[in-house]
Amino acid sequence: MEADGKQGQEGSPELSLRPLDLSDIDDFMVWATDDKVSRFCTWDTYTSKEAGIDYIKNIVIPHPWFKAICLDNKAIGAISVSANNGNDRCRGELGYALASKYWGKGIVTRAVKMVASTIFNEWPHLERLEALVDVENGGSQRVLEKVGFQREGVLRKFVILKGRCRDLVIYSLLSTDPQP
């Protein structure tokens, strides 16, 4: 894989990351309305286009680092890095979601590699990129491990998600770690 995300094969779709905007609402609704996609996410499955538009306008567009995961410029998911403030500003949290029809194809792994290879240059104050993953979300754990994130441990009864107190696995990638 090249740094720009291309697979390098003739006719293969090009993977890219770009800002998600209101023109992506129909593509956003494909994965945002899918219970399989939102199962391990902090957000609930979207039930209206208006709520999706509101989310893109008020959360996504002003977000400091939120991108659409695109195949041939079609938004099929999203990936973000959320910044911390004050004494925690050295850490950022990675999050991502992908339309279920694209699962198991290495797309999120490639997108996470793209973020990991650039975020420490884009945000020089960042020394640690973290990801919190539900203990039952094996697919997401494998993605992070393939990219080089270190599994640090299980945070027991760490968050209430979808009405249940959940255990989360914490992963990290440091600016000093070998970059993908």
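Select Val112 and the residues around it: leaving aside residues up to four places away in sequence, Val112 touches Ile79, Leu94, Tyr96, Val143, Leu144, Val147 and Phe149, where contact means heavy atoms within 4.5 Å. This is a predicted model, in which local features need pLDDT of at least 70 and side-chain atom pairs count only at pLDDT 80 or more, while totals for chains, interfaces and linings use all residues. Residues are numbered from 1 along each chain as its sequence is written, and side-chain values use heavy atoms, with hydrogens and water left out.

**Val112 and helix α4**

Stay on Val112, which is found in helix α4 (residues 107-116). Helices (H or I, at least four residues) and strands (E, at least two) are DSSP runs, numbered from the N terminus. Val112 counts as buried because its relative accessibility is 1%; buried means under 20% relative accessible area, exposed over 50%, and partly exposed in between (1.4 Å probe, protein chains only).

Now extend the selection to the helix. α4 is mostly covered, with 9 of its 10 residues buried. They are Ile107, Val108, Thr109, Arg110, Ala111, Val112, Met114, Val115 and Ala116.

**α4 against α6**

Next, show helix α6 (residues 138-147), which packs with α4 at an angle of about 45 degrees, the axes being 9 Å apart. α4 is therefore oblique to α6. Axes are lines fitted to C-alpha atoms, for helices over the stretch in contact, and angles run from 0 to 180 degrees between N-to-C directions. Angles under 35 degrees count as roughly parallel, over 145 as roughly antiparallel, 65 to 115 as roughly perpendicular and the rest as oblique.

On the α4 side, select Val108, Thr109, Val112, Lys113 and Ala116; on the α6 side, Val143, Leu144, Lys146 and Val147 make the contact. These residues divide into 6 nonpolar, 1 polar and 2 charged. Ala, Val, Leu, Ile, Met, Phe, Trp, Tyr, Cys and Pro count as nonpolar, Asp, Glu, Lys and Arg as charged, and the others, Gly among them, as polar.

**α1 against α3**

Move to helix α1 (residues 25-32) and helix α3 (residues 49-60), which pack at an angle of about 110 degrees with axes 10 Å apart. That makes α1 roughly perpendicular to α3. Ile25, Asp26, Phe28 and Met29 of α1 meet Lys49, Gly52, Ile53, Tyr55 and Ile56 of α3. By class, this contact has 6 nonpolar, 1 polar and 2 charged residues.

**Cysteines**

Select the cysteine sulfurs. A search of the whole structure finds 0 disulfides, a disulfide being a pair of cysteine sulfur atoms within 2.5 Å. For Cys70, the nearest cysteine sulfur is that of Cys41, 17 Å away. Cys70 is buried, with a relative accessible area of 0%. Cys165 is also in no disulfide, and its nearest cysteine sulfur, that of Cys41, is 18 Å away. Cys165 is partly exposed at 37% relative accessible area.

**The loop between β2 and β3**

Finish at Asp72, in the loop between β2 (66-71) and β3 (74-83). Most residues other than glycine have a negative phi. Asp72, not a glycine, has a positive phi of about 50 degrees, and Asp72 is exposed, with a relative accessible area of 55%. Asn73 lies in the loop between β2 and β3. Its phi is positive, about 70 degrees, although Asn73 is not a glycine. Asn73 counts as partly exposed at 48% relative accessibility.
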